[in-house]
Amino acid sequence: MIEKVLKGKSTYWMWLAVLGTFIAIGAACYVRQYMFGLGLTGMSRDVSWGLYISQFTFLVGVAAGGLMLVLPYYVHDYKAFGRITILGEFLAISALIMCLMFIMADLGQPLRGLNVIFFPTPHSMLFWDMCVLWGYLILNCLCGWVILTAERKQVHPPKWIYIFVYISIPFAVSIHTVTAMLYCGLPGRHFWLSAIIAPRFLASAFAAGPSLIVLACLVMRKFANFDAGKEAIQKLTTIIMYAAIINTFFFLLEFFVGYYSEMPGHTHSLEYLFFGLEHDGHVYNNLVPFMWTATAFSFTGLGILAYMKIAKVFDYRLVGTAAALIFFSLWADKGLGFVFGGFVPNPLNEVTEYIPTANELGITLGIWATGFFILTLLYKIAVGVEHEIEA
Amino acid sequence: MYNKGTIIPGLVIFIVFVTFPLWYNGLNAGTVPKPDLPVGQKECVAPAAEMRDTHMKLLNEWRDAVLRDNDRVNIKVGGKEYRKGLQMACMQCHTDKEKFCDSCHTYAAVSPTCWDCHLTPAVAASKKETL
Amino acid sequence: MDKTRRKFLKIAGAAALAGIGAPAIVKLTSHTAFASEGAGHAAPASGESGAHGEPASTGVRLGMVVDMRVFAVQPMLLDQAIAACNKVHNIPHFPDRKNEIKWIWKAPYANVFPEQEVLHKSEMAKTKPFAVLCNHCDNPSCVKACPTKATFVQPENGIVGMDFHRCIGCRFCMAACPYGARSFNWQDPRPFITNYNPEFPTRMRGVVEKCNFCGERLALGLEPACVEACKGTGAMVFGDLNDPASEIRGVLDKEFTIQRNPAAGTKPSVYYIV
């Protein structure tokens, strides 16, 4: 099936070429970082995790989002998702590869990375994160490939693959729960020390993943002659809407806990993110525009989806706009707000702001481009098989 | 064989590249390096042949013993006691990294990462405390 | 594909797996690799919760009392202690806040004790800089976080050790520490070290570091460098917290002390007399 990536229209090749450019730039930036050290990034002693880990955190959610396609189809027999579950599984593969790349880019000593395997440490959540990430990656590769091959040959997938499909369901929940556990078990950071982190992560994951799939379906409908079907897209928008509403509700609860209790530990980070934190005469607010834009996008996106449901209107442009707005707002919420907010203020109540450097952005974009590159190739295979069996 | 015209030359080129290190120097591995031994010292932690074979393993064991097990029992070499460690034991006698350590390591194309952190006497002297 | 080719691929795959797996099995069953694991990993009292008077561990447990009253009247003393540590451990001096490496440093009361912030502070708390260092907790969250056991509790003396050889630089421990005690080498530190102490290594870029309670000096019967710099003044008292007859226990019996963020449950070993 891999030969399907070798034939395509010029749009396909141009898209891969654009991504390839970003990948090349990212690779060059990484070489610079590898030679000099992570000092080439904007991270500091106080904000010791930056863009790389924040993107990793967001992308684990996107990978888990594939569950929202697998669960209805395999467990509840929702036939409309039949053609697109493979898209969820392939998205998980490319998102997980991005996650692993971001982690490798973030390590101070990447060549020692295997130490996590040589010296397994069950009391460290990073160890379990590695386990579940790899497990889910292998599961998705296995399930996606076997089922797609069976589809291509127009036969039923072998019975044993369903065991792995059913295992992948709790695995999807586990990858993002374990990633949340990285944060919510640390006693020194009040912003993260909350039981709602894991549910919030899952809610935003189940909105972000399907949003990206919806966007990919719309793109493929236009350029790749692949129509996921109006019913499937509509159901996906319903899922996105409810997941995004739940995530917003959880986030508002965090606001309540902080601002009603007025405990400094619980408000400072939110204040930094949304209003700017005043410290020693200086106001730190470099994330404020992002957070309010994300809020505006989130409510607008939800508004569009709600309007479509209530007015029983279906328009692909509205769907695409809503999905893009929600995806960006969730990216800013989890990718920027959540991770960076935990480091401001630091455990000594000092503030150091984080601004990524150009080199860091280069690597980040390069890894995103690699993910989209892999996603494009995988979707090309999936769509190619669809076309083959329809013919 | 299909595509014989491409495959056979391709295979030949491949074998040429893969065996490059063997034939480039005329099948000669070069002179075996003779590391500069420290003056006036006859003994090391273990016999020379054993050290040559296992000094990396020994250093790893010392590292884990000192850092992780808090086992800082001194080493006895030639009647003198030394603290376990690269800087504190080995470098006390083998003071010249280039003439001793590097002579074999360069020949064997081995680059251990010790020197990123551990100070050789030469490097330490370069920024010595001015009393 | 035909049957024989498929069979060949299956056998080749299995052989490759066995070939990759064999050295791992050999390593796992060899002794030296495991000996250090057993001793290095034992983190005592990790399952305990609540602090109500229960003894944290048996054996030696090193701790420190920082008497701010002495530091307050001798302002140069703290600088000398910090300088002593920096000299002994080849700590680089970075001019910018972003890259700084600090094992022991000074900060105002409001920053050292943000959980005990009060509106009307004493003169000392308002104006004097406090000594800040790794607390060598009995239940350290950094050790819990580390995925490679590069940081670990030494069961013999309670020091939270740091193995620079094993650290992969993931910086999870830095996120986990409730006291901001850890620094990371964002670049090669050597250009920023003024003078080398030939008895201690430097570190390389990409590893985390922090105060190590001068384990290498303790082994020689010396006191930690910072404590030695304050010798005779009583500004820093260092000793075995589990020995009821030790000097440090005497000080703790007599004086009221506070600790940083006790609610975090990490059971620090550094006490402050304010």
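Within chain A, 80% of the contacts with a separation of 6 or more join residues 24 or more positions apart, a contact being a pair of residues whose C-beta atoms, placed from the backbone, lie within 7 Å. The model is predicted: local features need pLDDT of at least 70, side-chain atom pairs count only at pLDDT 80 or more, and totals for chains, interfaces and linings use all residues. Residues are numbered from 1 along each chain as its sequence is written, while chains are lettered from A and ligands numbered from 1 in the order in which they are written.

Chain A contains 13 helices and two strands; helices (H or I, at least four residues) and strands (E, at least two) are DSSP runs, numbered from the N terminus. Its radius of gyration, taken over C-alpha atoms, is 21 Å, which agrees with the value near 21 Å for a compact globule of 391 residues; the globule rule is 2.2 Å times the number of residues to the power 0.38. Along the principal axes, the C-alpha atoms of chain A fill a box of roughly 70 × 55 × 40 Å. Of the 391 residues in chain A, 52% are buried, a class that requires 20 or more other C-beta atoms within 10 Å of the residue's own, with C-beta atoms placed from the backbone (exposed: 12 or fewer; partly exposed: in between).

Helix α2 (residues 51–64) of chain A packs against helix α7 (residues 161–184) of chain A at an angle of about 165°, and their axes are 8 Å apart. Axes are lines fitted to C-alpha atoms, for helices over the stretch in contact, and angles run from 0 to 180 degrees between N-to-C directions. The angle therefore makes α2(A) roughly antiparallel to α7(A), the term for angles over 145 degrees. Thr57(A), Val60(A), Gly61(A), Ala63(A) and Ala64(A) of α2(A) meet Ala172(A), Ile175(A), His176(A) and Thr179(A) of α7(A).

In chain C, Lys102(C) is placed in the loop between α4 (75–88) and β2 (104–108). Lys102(C) counts as buried because 23 C-beta neighbours lie inside 10 Å. From Cys146(C), Lys102(C) is separated by 44 residues in sequence and, C-alpha to C-alpha, by 20 Å in space.

Methods: Angles under 35 degrees count as roughly parallel, over 145 as roughly antiparallel, 65 to 115 as roughly perpendicular and the rest as oblique. Two residues are in contact if their C-beta atoms, placed from the backbone, lie within 7 Å.
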